[in-house]
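Please walk me through this protein model, part by part.

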Amino acid sequence: MLNILFMGTPDFAKESLEAVYNAGYKIIGVVTNPDKPKGRGMKMIASPVKEFAIEKDIEVYQPEKVRKNQEFIEKVKALNPDVICVVAYGKILPKEILDIPRLGCINVHGSLLPQYRGAAPIQWAVLNGDKKTGITTMYMDIGMDTGDMILKEEVEISDNETTGELWDRLSKIGGKLLVETLEKIEEGTAPREKQSDNFTLAPMLDKEIAKIDWDNKTAQEIKNLVRGLNPIMGAYTFFNNKKIKFWKVDIADGIGYDEENVQALKNGTVLISDQRDGLFIKTKNGILKVLEIQGENAKRMSIYDFLRGNQINEFEVFE
């Protein structure tokens, strides 16, 4: 049985760690990011990976950095892992660590490589309105997600699926595929496929992306933005100088308005706003129906609940 050192941090990685543990592999240690302060009380919170490791009595290591950290590198050498499994760890490993395990470092990546190399592959697949994505396991090298591919599993992305929903689905597939990958590595039957040069990147999301551009974006593009940023940060707009977040929207087929009259209105204009029918907004191309919303300093709620306590008038404009 392989001796495995596992490196990961969020719930996405915890699913893989649990799958490897349940498959009976010997996990000789878990490396995760240091605890972080969270909430109003700024209480130190452990990562989901650390919580699982403690529950299963697995040794946990939490280095502040892994590059130019000779003490940590020596510790990994002393553990003598056969394989290092890396899943959403959050730090780039130096060559000194990649070279330690005799069977290599294996990564679980949330896309069909070489598409979406980088830190946010799941988010960008939804933001771009892709119809499919998947999981790739690969041998790690010094590049950013450039290593030789081992196994892939493709999934469909539904029209209304959010980043959070896709994240949960792919995390389970990732765990399953990692176990299959380890089995093939142990048997000596793991395939090794070089990536093509036809790649795309998936950089970290910045806050600027979250602001809705009514002037230039279509209803479909705004819907993809809302789906892609749910539950990470929420897409936002301004109404009467107050910040409003949209958490769930759809595209309206038709609302009985004369199309020529609608086209003459400014993008972002409210076409319908009432507690029974909801909130409909004109875009560059198409009409957006708001389903779930969050007012400034308020909680997320359905649009119907929101309109019972907040006044939005027809022909007012979202900024």
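## The sheet

Strands S2 (residues 26-31) and S5 run parallel and are joined by two bridges. Strands here are DSSP runs of E with at least two residues, and helices are runs of H or I with at least four residues, both numbered from the N terminus. Two strands pair if DSSP finds at least two bridges between them. Across this pairing, Val 30 stands opposite Val 60 in S5.

S2 and S5 belong to an open sheet of seven strands, in the order S5-S2-S1-S6-S7-S8-S9, with mixed pairing. At the edges are strand S5 (60-61) and S9, each of which pairs on one side only. Strands of a sheet pair through backbone hydrogen bonds, either parallel or antiparallel.

## How to read the model

This is a predicted model, in which local features need pLDDT of at least 70 and side-chain atom pairs count only at pLDDT 80 or more, while totals for chains, interfaces and linings use all residues. Residues are numbered from 1 along each chain as its sequence is written, and side-chain values use heavy atoms, with hydrogens and water left out.

## Helix H6

Helix H6 covers residues 163-187, which makes 25 residues. From first C-alpha to last, H6 reaches 35 Å, close to the 36 Å expected at 1.5 Å a residue. The expected span is 1.5 Å times one less than the number of residues. Just after H6 comes Gly 188, with a positive phi of about 80°.

## Salt bridges

The structure holds 19 salt bridges. The term means a side-chain nitrogen of Lys or Arg within 4 Å of a carboxyl oxygen of Asp or Glu. One of them joins Lys 172 and Glu 15, at 3.7 Å from N to O. Lys 172 is in helix H6 and Glu 15 in helix H1 (residues 11-22), so this pair links distant parts of the chain, 157 residues apart. Glu 15 is partly exposed, with a relative accessible area of 23%. Buried means under 20% relative accessible area, exposed means over 50%, and partly exposed is in between (1.4 Å probe, protein chains only).

Which loops does the bridge between Arg 102 and Asp 82 tie together? Arg 102 lies in the loop between helix H4 (95-98) and strand S7 (105-109), and Asp 82 in the loop between helix H3 (70-79) and strand S6 (83-87), so the pair ties parts that are 20 residues apart in sequence. The N to O distance is 2.8 Å. Arg 102 is exposed at 61%, whereas Asp 82 is buried at 11%.

Lys 131 and Asp 159 also meet in a salt bridge, at 3.0 Å. Lys 131 is exposed at 53%, and Asp 159 is partly exposed at 49%. Elsewhere, Asp 148, Arg 192 and Lys 194 are linked in a network of salt bridges.

## Aromatic rings

There are seven aromatic pairs. Rings of Phe, Tyr and Trp (its six-membered ring) pair if their centres lie within 6.5 Å; planes under 30 degrees apart count as stacked, over 60 as edge-to-face and the rest as tilted. Phe 246 and Phe 318 form an edge-to-face pair, 5.8 Å centre to centre with 70° between the planes. Phe 246 lies in strand S11 (residues 242-252) and Phe 318 in the segment after helix H9 (303-309), so the pair ties together parts that are 72 residues apart in sequence. Both are buried.

The charged end of Arg 192 sits over the ring of Tyr 139, 4.0 Å from its centre. Lys 243 lies over the face of Tyr 236, at 4.3 Å from the ring centre. Here, a charge sits over a ring if NZ of Lys or CZ of Arg is within 6 Å of the ring centre and within 35 degrees of the ring normal.

## Backbone details

Two cis peptide bonds deserve a look. Leu 113 to Pro 114 is cis, with omega near 10°. Pro 114 is in the loop between S7 and H5. Asn 230 to Pro 231 is also cis, with omega near 15°. Pro 231 is in the loop between helix H7 (219-228) and strand S10 (235-239).

Asp 57 has a phi of about 60° and lies in the loop between helix H2 (48-55) and S5. Tyr 116 has a phi near 60° and lies in the loop between S7 and H5. Is each buried or exposed? Asp 57 is exposed at 71%, whereas Tyr 116 is buried at 8%.
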